[in-house]
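Please look through the sequence and the structure shown below before reading on.

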Amino acid sequence: MPKDGGIGASTKRREDVRFLTGKGRYTDDINIRGQAYAHFVRSDMAHGILNSIDTAAAEAMPGVIKVFTAADLAGVGGIPTGWQVTDRHGKPMQEPKHPVLAEGKVRHVGDPIAVVVAETLDQARDAAEMLDIDITELPAVVDMRAALAEGAPKVHDDLTSNLCYDWGFVEENKAAVDAAFASAAHVVSLDLVNNRLVANPMEPRVAVGDFEDHSGNSTLYTTSQNPHVIRLLMGAFVLGIPESKLRVVAPDVGGGFGSKIYHYAEEAFVTFAAKQLKRPVKWTSTRSEAFMSDAHGRDHVTKIELALDADHNFTALRTDTYANMGAYLSTFAPCIPTWLHGTLMAGNYKTPLIYVNVKAVFTNTVPVDAYRGAGRPEATFQLERLVDKAARQLGVSPVELRRKNFIKPDQFPYQTPVAVVYDTGNYDATMDKLLELSDHAGFAARRAESAARGKWRGFGVASYIEACGIAPSNLVGQLGARAGLYESATVRVNATGSITIFTGSHSHGQGHETTFAQVVSEMIGIDAGQVEIVHGDTSNTPMGMGTYGSRSLAVGGSAMVKALNKVINKAKKIAGHLLEASDEDIVLKDGKFTVAGTDKSVDWSGVTLAAYVPHNYPLDSLEPGLEETAFYDPSNFTYPAGAYGCEVEVDPETGKVTVLAFTAADDFGNVVNPMIVEGQVHGGLAQGIGQALLENCAYDAEGQLLSASFMDYAMPRADDLPMFKVDHSCVTPCTHNPLGVKGCGEAGAIGSPPALVNAVIDAIHGAGRTDVTHINMPLTPARVWSALN
Amino acid sequence: MHNFQFVKPTTVADAVAALEHDGAQALSGGQTLIPTMKQRLAAPEVLVSLTGIDAMKGVCKGDGGLHIGAATPHAVVAREAAAYYPALAHLAGHIGDPAVRSRGTIGGSLANNDPSACYPSAVLASDAVVVTNKRQIAADDYFQGLFSTALQLGEIITEIRFPIPERAAYVKFDQPASRFALVGVFVAKFAGGVRVAVTGAGEEGVFRWKEAEAALSAGFHMAAIEDLAPPKQRMIGDLHGTPEYRAQMVKVMTKRAVGAA
Ligand SMILES: Cc1cc2nc3c(=O)[nH]c(=O)nc-3n(C[C@H](O)[C@H](O)[C@H](O)COP(=O)(O)OP(=O)(O)OC[C@H]3O[C@@H](n4cnc5c(N)ncnc54)[C@H](O)[C@@H]3O)c2cc1C
């Protein structure tokens, strides 16, 4: 019998009631009496000298309260970067100033130049048309290699070049890696591009600033995945407001996918302007603005090489990557192509020697930062495409080449040559599961059936590993993080036994209100309906780091378990007192405290009431009340892994690729709510297939954004996708967190692009066209057709 | 969006009169015009809605063909033309999404003449007549390049008259993002010959592929296309396809349209 509550039950998402009935409370639903509206005037040039801005005519327009330019932001700091990368030569990365409004220069299409604040949004937009902005256009740098060429225009005049850093990892291994290549029996290499993406969450960004004159308190309502991080970065570095005077609220948030992690200029502006104007100030992004102001994702250009011995064992791996930073460093941008990418280059394999080189480059484009998977999809794509190419080049089965080089179950914990230690896993098990579920055995017949219709059918696999549960603070501190990456929780048990959890994690679609309550229900033995999950408000939750990197349950859930254990320990003491027994003899089960081996018991609510009405209570040794806070700092990352399979059909006449089937066999460790996990995988797969087949953020040579709306930026739609087969029955529980969970939020987007591209190459090779060894994503009909013709 | 006045006349004459105001513009389904206004790329002072004019709505079988009121939404054409002109109904039923189809109209689409729109190919391939408040315009004279038509300032389309071919089909190859036609080909076989109209591909908008028409008039089968060189019109090159790709797709889609007709 499936359980209907607790850990392992597919409990329906309680938050969906409000989302599906239009009762969600998103940032744009927040309207404060007397609020004014901000309209950002953005650069339509990629690069230029900002000579002057004449605001007089705009300021004279009806309803205008004030027009702000950089000159009005004296005392406001630049937007900070949260990670410092040290390069191959021990030098810190180049870190340019990122002003809230452009100072002296514009550096990408969408760079904010001025803000009109008016009584209504239409008035602000009308007035914006009256601004007289004088810009001398400069040549733009868009292509990363061109940006590094001698004499290229510089995005930041005060830097030595457009190179942010030249990172080598593991630098000490470089010579050994080169030597392994020199003596390899086989070398396989591949040049590829990981296409730039726009996250496009359904809800665009919104920020509302409020200021209370009598107390001097500021409040920012914002579409954020991590309100405490925004409070810290904006308060300490940009506006100089102490935490005690600054509240950041991230209410219901309609998707983030990484793009709502970062601290953005608009947030700082509305908070600043509210204080200046003594009025609430609201900004709501249009979709067009989102395309040119939300941080973009991916955008790597890579050469990757694999060395193999005569028996096809991988002996060394070498990569050379250019990573686009865009015009400024977004909050976590520097760490994505380095520590979240280089450390994953071992994949599921025993490759003993690895060297990763990454050059991060400034260009006149929107800043690039983490997007679902963040560095790990880039690593997985390179590796899994390369392994597939190796199998084809050597004439062996892609599945068997993978298996031969997999880390085997008895080799865990496994120290990779790229710093991380995998705690546990079973890669053959997920591969077996995948082949079974995708009916690999029946593929040949299906291929023949397609061929009879003039279509080419292909099957591709990819293995993946990712590092989630981000992250041990002392480790990331050594690697350059300017923040800790623990998580926090407060468990407030109320007098009648109901429980309110305050978590530092933030739910923007993940379903924490349901899953976290399931964990509490399981541990205490009370109905999940008695448990309320509160998140997203710095005024009532403990300092937390928020949600990204599939960390909520693994880190935030662990903090909650830790706090719950403190609560349970104290409750047992109270129960011991009430039952006149030693607290060591007290057992908590199904919401009841029993003296072991007796029938003496007291209900959970009897104990909680005693805690708050302490008439019969050990006041000499125990404080009244039942509320505990815990911070959990993980001792390692978690390592979800799996095997993905994709079956496609290629129309050779048009180049159109149809995804016929997609199967995912994941090892997420223990699963709290299978339905939610499936939903997370579905969403990830949709985004990964979107990247592989449809999505492409493109600039022209002048730095104009070509894919600036949904007319040209192709999002995946339901009819682009097959029914997914998703399995998570292969379980190797995480060995170092209390729930044994690993995280499932990004896997789908990590494993699917290489599986899909491998399937298309398989289809093309199956039709005899073995000359086509790679096609860059997205595999649009035109690109596939061009590769064939 | 800038402020504007809104009028909703019930006769063509009143609409024409209202359009004489400076800065007045016709509004039909609003699926093109409203987004343009929201982006502040258009700022008409007066919007003259055409959807209250009964004489401009509906699908009916008339002398020698199918008459469709210019303010008839795509969804209505999809439903009501099906019995008379299935290829045209199929085209209408695959424009945009349900919301676009229930508001967007045939007249708005033809007045706009987007190079990737579907209807222009049907009108041109069917040798239809565009009827306005002033005159009747033959399809061959109506389309004059990208977003440009024979319509004069203040002239409104009231009706489109489609001769009904013996066999016809429209095959649309979607642009992956917008799902407008990356290449769309409408093939119509009449007793007097075959007409082939191509949308989505040409730099000058919808065009007739005369070589294919000749070949298909000689023999209406897919093989007739096989040996033709792609059309010599200049093709659009953009993010979604090179000119060379589009030229090839015109051939492929023409062949498929013949197969489907
Ligand atoms: C999401 C989306 C997807 C779409 N997909 C497709 C597609 O796949 N294929 C396709 O062909 N189209 C597509 N369209 C366009 C759609 O068909 C529009 O409805 C059409 O282009 C315009 O028709 P309308 O009635 O909305 O015109 P409006 O937007 O009201 O008007 C358009 C222009 O025509 C003028 N006008 C309107 N009616 C008349 C008239 N009777 N006489 C003279 N001038 C007039 C207006 O003044 C305006 O300049 C799509 C649109 C959207 C929003």
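In chain A, three strands make an open sheet in the order S25-S26-S27, and their pairing is antiparallel; strands here are DSSP runs of E with at least two residues, helices are runs of H or I with at least four residues, and both are numbered from the N terminus. Two strands count as paired if DSSP finds at least two bridges between them. Strand S25 (586-589) and strand S27 (601-603) of chain A are the edge strands, and because each has a single partner strand, one side of each is left without a neighbour in the sheet. From one strand to the next, the twist averages 20°.

The model is predicted, so that local features need pLDDT of at least 70 and side-chain atom pairs count only at pLDDT 80 or more, while totals for chains, interfaces and linings use all residues. Residues are numbered from 1 along each chain as its sequence is written, chains are lettered from A and ligands numbered from 1 in the order in which they are written, and side-chain values use heavy atoms, with hydrogens and water left out.

Two antiparallel strand pairs, one from each of chains A and B, are set out here.

| Strand pair | Bridges | Opposite residues |
|---|---|---|
| S4 (59-62) and S5 (65-69) of chain B | four bridges | B:Val59 and B:Ile68 |

The strands S4(B) and S5(B) form a hairpin with two residues between them, and B:Gly64 in the turn has a positive phi of about 70°.

Returning to chain A, helix H16 (residues 604-612) lies across S26 and S27, running at about 75° to S27(A). Axes are lines fitted to C-alpha atoms, for helices over the stretch in contact, and angles run from 0 to 180 degrees between N-to-C directions.

How do H9(A) and H18(A) pack, and at what angle? Helix H9 (residues 376-394) and helix H18 (residues 747-766) of chain A pack at an angle of about 25°, with their axes 8 Å apart. H9(A) is therefore roughly parallel to H18(A), a description used for angles under 35 degrees. Among the residues that meet are A:Phe381 and A:Arg385 in H9(A), and A:Val757 and A:Ile761 in H18(A).

How values were computed
Angles under 35 degrees count as roughly parallel, over 145 as roughly antiparallel, 65 to 115 as roughly perpendicular and the rest as oblique. Contact means heavy atoms within 4.5 Å.
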